[in-house]
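Morning, everyone. I have one structure to show today. Let me put it up.

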Amino acid sequence: MFFLDNIWLIPLFPLLGALLMLLFGRRLDPQSVGGHAEPSPGRRLIDLLCPGMVLVSFIFSLGAVVQLQGIESRSHEVVKYTWLAGLASKTDFGIAPFTADWGFLLDPLSAVMILVVTGISFVIHVYSTGYMAHDGGYYRFFGYLNLFVFFMLILVLANNYALMFVGWEGVGLCSYLLIGFYFHRKSATNAANKAFLVNRVGDAAFIVGILLIFTT
């Protein structure tokens, strides 16, 4: 069960692409966001690297979903480590320890979602290579896109609500960054700020839900 035992790699591929773009992308494509830029050899590499990472993630997701069909329980969980520990909750039976793992759960629902996220994201990446071909800030745009896919996959694969909240917040951050990508335009920055503020309402409700789960 190679794919199932390594489902934690599914979000890791887009994260790797995002880190490469945000750390080294300027060397490949030294263009400002507001400038008109012609395709360059560096951009050709970006065109291969960023969509390629999402494609690998899709192929890995497909393999995991196929292997999931062979499991009677139709569920597979991989826990890497405990990242929240030391908390306690009072229950009718005494004090119960509270921990949250950095773990991933693949079931029929998350199986559908990872195929949707990786498959559609790959198509969006390919389309964007043409749509953004003459825009500046090319590497940054694709870095944000890869990061968006990473957090979306964390959101749908998380095996607990605390980790799901990390994915939720990451998706909100990437939405803000992509909406405000053309930051030299006031309309874009206004739209990004509006999206950021509206998302905070959802965050507040999400946190209340997690706290209610914790107390009950």
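Predicted model: local features only at pLDDT ≥ 70, side-chain atom pairs only at ≥ 80, totals over all residues.

The chain has 216 residues, and 43% of them are buried. Along the principal axes, its C-alpha atoms fill a box of roughly 65 × 40 × 25 Å. The accessible surface is about 11700 Å². Carbon and sulfur atoms account for 70% of that surface.

Now the secondary structure. We have seven helices and two strands. What is the order from the N terminus? It reads α-α-α-β-β-α-α-α-α. So much for the elements; next, the contacts. Take those between residues at least 6 apart in sequence: 74% of them join residues at least 24 apart.

On to packing. I will stay with H3, residues 41-68. One partner is H2, residues 9-28. At what angle do the axes of H2 and H3 cross? Roughly 175°, and the axes come within 8 Å. That angle makes the two helices roughly antiparallel.

Look at who meets whom. H2 brings a set that includes Leu9, Ile10, Phe13, Leu16, Leu20 and Leu28. Pro14 and Gly17 of H2 take part too. From H3 come, among them, Leu45, Ile46, Leu49, Cys50, Met53, Val56 and Phe60. By class, the H2 contact with H3 has 16 nonpolar residues, four polar and one charged.

The other partner I want to show is H5, residues 138-157. Here the axes of H3 and H5 are 10 Å apart, at an angle of about 5°. H3 and H5 are therefore roughly parallel. On the H3 side, the contact includes Arg43, Asp47, Cys50, Val54 and Ser57. H5 answers with Tyr138, Tyr139, Phe142, Asn146, Val149 and Leu153. That contact of H3 with H5 divides into nine nonpolar, two polar and two charged residues.

Notice Cys50. This H3 residue is in the contact with H2, and Cys50 is also in the contact with H5. Is Cys50 buried or exposed? Buried: its relative accessibility is 0%.

For Cys50, the nearest cysteine sulfur is that of Cys174, 13 Å away.

Notes: Residues numbered from 1 in each chain as written. Heavy atoms only, no water. Axes fitted to C-alpha atoms, helices over the stretch in contact; angles between N-to-C directions. Helix = DSSP H or I, 4+ residues; strand = E, 2+ residues; numbered from the N terminus. Parallel < 35°, antiparallel > 145°, perpendicular 65-115°, else oblique. Contact = heavy atoms within 4.5 Å. Nonpolar A, V, L, I, M, F, W, Y, C, P; charged D, E, K, R; others polar. Disulfide = S-S within 2.5 Å. Buried < 20%, exposed > 50% of the residue type's maximum accessible area, 1.4 Å probe, protein only. Areas by Shrake-Rupley, 256 points an atom, 1.4 Å probe, with all protein chains shown as cover.
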